[in-house]
Amino acid sequence: ILYCGDYIVDDFVAAYPNIKDEWFLVSTTQSHVVPKNVAPDLHLYSTDDGQPAQEYLESAAGEIPCIIMGCGHFVDPEVFYPTEQEKEYDLIYVAKWAPTKRIENILEAAKLDPSLNILIVSFPVVSERKRAQSDAYREQILGMKEDLGLDNVTIIEPPTENHVNEDGSFVVGGFSKEEMNSFYNMAKMTILAADSGEGINRSLGEAMCCDLPVLLTKDTWGGVQTLVNEQTGVRVGADPVEIAAAINFVRENRDRFSPRDWFAGNYGK
């Protein structure tokens, strides 16, 4: 069996036309992506409501068998959990160094309200194809933080090497799960300020298991939409003014939210 991203599998078969004589091809998509390619033997297709999109059913790709995966947030509540750590930060944002994560909006919100204390934990992208763009975006954000004089924003970056667990598996980015759990527990809430092209974001599930309410930008859709409701957090405009106001709202109304209870009752490992 060979697993491919749906966006490359047709090109892959065109380059190696005999590959299907030896391999069963499975394509995968994120929750906001409708399968398009016709070369796979099977689509693994993730949707918000467990139903294939009409666009998919009416396309040539709809002739390919599919397994509807639904939206899962594969986080273990026994690994990510609340601790008694002091809440040093109002907000934590865990994101790759990628322009789609709109970290600059968080910095602008911190500039608008100096009372906010914000932690950003950011990682390089894994893809070599996007590494140059990621490095340039990192320099842009670090330069912006310095230019704005943001003493109320702390940026933490991981070691250059991946963290290797005792069982031989590894955590991309260099921080262990225990270290990430500690970072979440230093904050009062989390945010995802990604653009519309977001599927399933693991950091939101991890933060909710640590009982952090979620701020999710209104123009972000995909699987993450299923995480935000009256019990878990709020939808917020992507502009810095609304982000700053939402942080203050959650900070002042923390007792309204119980994200860990909701997540543990609906998702899990």
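Student: Why is phenylalanine 175 called buried?

Tutor: In this predicted model, phenylalanine 175 has a relative accessible area of 8%. Buried means under 20%, so phenylalanine 175 counts as buried.

Student: What makes the pair of phenylalanine 123 and phenylalanine 175 edge-to-face?

Tutor: The planes of the two rings stand at 80 degrees, and their centres are 6.1 Å apart. Rings pair if their centres lie within 6.5 Å, and planes over 60 degrees apart count as edge-to-face. The rings of phenylalanine 123 and phenylalanine 175 are therefore an edge-to-face pair.

Student: Where in the chain do these two residues lie?

Tutor: Phenylalanine 123 is in strand 6 (residues 118-123), while phenylalanine 175 sits in the loop between strand 9 and helix 5 (177-185). The pair links distant parts of the chain, 52 residues apart.

Student: Is phenylalanine 123 buried or exposed?

Tutor: Phenylalanine 123 counts as buried, because its relative accessibility is 14%, and the limit for buried is under 20%. Phe123 and Phe175 also form one aromatic cluster together with Phe183.

Student: How many aromatic pairs does the structure hold?

Tutor: The structure holds four. One of them is formed by phenylalanine 12 and tyrosine 16.

Student: Why is the pair of phenylalanine 12 and tyrosine 16 called tilted?

Tutor: The two rings are 5.4 Å centre to centre, with 50 degrees between the planes. Planes under 30 degrees apart would be stacked and those over 60 edge-to-face, so the rest count as tilted. Phenylalanine 12 itself is partly exposed, with a relative accessible area of 28%.

Student: Let's turn to charges. How do you know that glutamate 157 and arginine 138 form a salt bridge?

Tutor: Their closest N and O atoms are 2.6 Å apart, and a salt bridge needs the nitrogen within 4 Å of the carboxyl oxygen. Glutamate 157 lies in the loop between strand 7 (153-156) and strand 8, and arginine 138 in helix 4 (residues 131-148). Glutamate 157 is partly exposed at 31%, as is arginine 138 at 24%.

Student: What separates glutamate 206 and arginine 202 along helix 6?

Tutor: About one helical turn, because they are four residues apart in helix 6 (residues 202-209). Glutamate 206 is buried, with a relative accessible area of 8%, whereas arginine 202 counts as exposed at 53%, since exposed means over 50%.

Student: What makes arginine 254 and aspartate 211 a salt bridge?

Tutor: The closest N and O atoms of arginine 254 and aspartate 211 are 3.2 Å apart, and the cut-off is within 4 Å. This pair links distant parts of the chain, 43 residues apart. Arginine 254 counts as partly exposed at 24%, and aspartate 211 is partly exposed at 25%.

Student: Why does aspartate 167 count as exposed?

Tutor: Its relative accessibility is 64%, and exposed means over 50%, so aspartate 167 counts as exposed. Aspartate 167 lies in the loop between strand 8 (163-164) and strand 9 (170-171).

Student: Which residues form the negative surface patch?

Tutor: Asp167 forms the negative surface patch with Glu166, Glu178 and Glu179.

Key
Residues numbered from 1 in each chain as written. Predicted model: local features only at pLDDT ≥ 70, side-chain atom pairs only at ≥ 80, totals over all residues. Heavy atoms only, no water. Patch = residues over 30% accessible without salt bridge, like charges linked within 9 Å, V, L, I, M, F, W, Y side chains within 5 Å. Areas by Shrake-Rupley, 256 points an atom, 1.4 Å probe, with all protein chains shown as cover. Salt bridge = Lys/Arg side-chain N within 4 Å of Asp/Glu carboxyl O. Lys, Arg positive; Asp, Glu negative; His and termini not counted. Charge placed at Lys NZ, Arg CZ, Asp CG, Glu CD. Buried < 20%, exposed > 50% of the residue type's maximum accessible area, 1.4 Å probe, protein only. Phe/Tyr/Trp six-rings, centres within 6.5 Å; stacked < 30°, edge-to-face > 60°.
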